[in-house]
Amino acid sequence: MRQVMVAGNWKMNGSSESVKELIAGIKDGMASVTKAEVVVCPPAVYIPRVSGVADGSAIKVGSQNICDEDKGAFTGEISADMLKDIGCEYAIVGHSERRALYGESDELVAKRFAAARRNGIKPIFCIGETLEERESGVTNDVCSRQIDAVIALEGVEALTDGVIAYEPVWAIGTGKVATPEQAQDVHAFIRGKIAALNADVAEGLRILYGGSMNAGNAKDLIGQTDIDGGLIGGASLKAEDFLAICQAAE
Ligand code: PEP
């Protein structure tokens, strides 16, 4: 039985004061969240502060990226050890904004995935197609290619330690959510692809949906057979909205 998961990607938002308020608000509402695993991914500089407030609750903390190398001359990067040191259990890798705006290739994303894993951090591995790719009918090919980069480097068993987030790029931050059927189709394809290599890995793998998920649409999306939760951007920035999604996931 896969535990449902709701993860918040706060992106580059917030201040010392506002993140404290946000995490305190989520912590206050956690009594009503008994089944879902709840993760928040704040901007890196605020992770220690957020971990401090989350301490003693069931909320887990993740980073929005992770260096593919473990140590040394990699200016601007943050290593897995450093992230663990400040309380991270998870790291987002391959978010479409990193791929599109910072040129992260499938291969680099796979190396980041590997670095997380070898250092005991669970990757939240983002994949998904652009609008143009969807309209050209290559959604499954794109997702397949992105997953294959990780499998080529780490083997299919590596996915046991991670979570896949299917995030159609056209649905991220646009308010254009995939229909439950559209999302389920891709999730089923992903699980089927992995099952063809290892049925146990596929059965245990959590596949989250991300892209304009909110309190109103979360239940229908997460209610689909192969959707095991959500990766939430905009709606994770208000405690009330994020908690409503966590409750819908229950
Ligand atoms: C995201 O950036 O991972 C995301 C899903 O954003 P939003 O919920 O705002 O579409």
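Helices and strands here are DSSP runs, numbered from the N terminus. With that in hand, you can find your way around this structure, which is a predicted model.

**Around the ligand**

Let's start with the ligand. There are 14 residues around it, and those that come nearest are Lys11, His95, Glu167, Gly173 and Ser212. Sorted by class, this shell is made up of 8 polar, 4 nonpolar and 2 charged residues.

| Residue | Atom in the protein | Atom in the ligand | Distance |
|---|---|---|---|
| Ser212 | backbone N or O | oxygen | 2.7 Å |
| Gly233 | polar backbone atom | oxygen | 2.8 Å |
| Gly234 | polar backbone atom | oxygen | 2.8 Å |

How much of the ligand does the protein bury? On its own the ligand would expose 290 Å², and 95% of that is buried by the protein.

**A look at Ser236**

Now move along the chain to Ser236. You'll find this serine in the loop that runs between strand β8 (229-232) and helix α11 (239-249).

Is Ser236 buried or exposed? Its relative accessibility is 0%, so Ser236 counts as buried; the cut-off for that label is under 20%.

What does Ser236 touch? Leaving aside residues up to four places away in sequence, Ser236 is in contact with Gly8, Asn9, Trp10, Leu22 and Phe242.

Gly233 turns up again here: its backbone oxygen lies 2.7 Å from a polar side-chain atom of Ser236.

Methods
Residues numbered from 1 in each chain as written. Predicted model: local features only at pLDDT ≥ 70, side-chain atom pairs only at ≥ 80, totals over all residues. Heavy atoms only, no water. Near = heavy atom within 4 Å. Polar contact = N/O pair within 3.5 Å; in protein donor to acceptor, adjacent residues only side chain to side chain. Areas by Shrake-Rupley, 256 points an atom, 1.4 Å probe, with all protein chains shown as cover. Nonpolar A, V, L, I, M, F, W, Y, C, P; charged D, E, K, R; others polar. Helix = DSSP H or I, 4+ residues; strand = E, 2+ residues; numbered from the N terminus. Buried < 20%, exposed > 50% of the residue type's maximum accessible area, 1.4 Å probe, protein only. Contact = heavy atoms within 4.5 Å.
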